[in-house]
Amino acid sequence: LDLSFHPIEEIELKEVPQEVYNTFKMRRDTGKGLVSLWIANQRLISISAQISSLRNLRTLDLHGNRLKTLPPEMALLTRLERLDLKNNLLNQLPDEFVKLHQIR
C-alpha cells in the first residue's frame, strides 16, 4: 500500500470520510503514514480535528472548498511544509498555527 500520494478529486465531498483518518494515520510501529493529501475543489465545510492523526503529512491541499474555520489541532501536523487554503471562506487561522514554522 503506497501512502505517499492520495488525491481525492471530483467526488464533491462535504466532509473528509472517517476512513481517510483511520486508514492513513501515522502508524506508531513503522512511522509511516500519508504524506500528501489533495481534497481540492470539493464542497468541504469543515475539517475534523482528527486531521491531526495524519502526522506524516507534508502537503495538504484544501483549496476551492467552503471552509470557514480550521481545527486548532491542525497545528499538530508539524511535518507540514505546504498548505493550500486559497478560495475558501476563511477569515482567520487558529492562533496555534504559529507553531507551523516550516510551511512555505
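**Confidence, fold and selected residues of the predicted chain**

Averaged over the chain, the pLDDT is 82, and 77% of the residues reach a score of at least 70. Because the model is predicted, local features need pLDDT of at least 70 and side-chain atom pairs count only at pLDDT 80 or more, while totals for chains, interfaces and linings use all residues. Residues are numbered from 1 along each chain as its sequence is written, and side-chain values use heavy atoms, with hydrogens and water left out.

The overall build comes next. The chain holds 1 helix and 4 strands, arranged along the sequence in the pattern β-α-β-β-β. Both kinds of element are DSSP runs numbered from the N terminus: helices are H or I runs of at least four residues, and strands are E runs of at least two. Of the 104 residues, 40% count as buried, a term that stands for under 20% relative accessible area; exposed stands for over 50%, and partly exposed for values in between (1.4 Å probe, protein chains only). The chain exposes about 6500 Å², with carbon and sulfur atoms supplying 48% of that area; accessible areas come from the Shrake-Rupley method with a 1.4 Å probe, and for residues only the protein chains shown count as cover. Where contacts (heavy atoms within 4.5 Å) are concerned, residues 24 or more positions apart account for 42% of those with a separation of 6 or more.

Leaving aside residues up to four places away in sequence, Thr59 touches Val35, Ser36, Leu37, Trp38, Leu80 and Arg82.

Asn41 belongs to the loop between strand S2 (36-38) and strand S3 (59-61), and its phi is near 55°, a positive value in a residue other than glycine. With 52% relative accessibility, Asn41 counts as exposed. Asn87, found in the segment after strand S4 (82-84), has a positive phi of about 60° although it is not a glycine. Its relative accessibility is 58%, so Asn87 counts as exposed.

How values were computed. pLDDT is the predictor's confidence in each residue, from 0 to 100.
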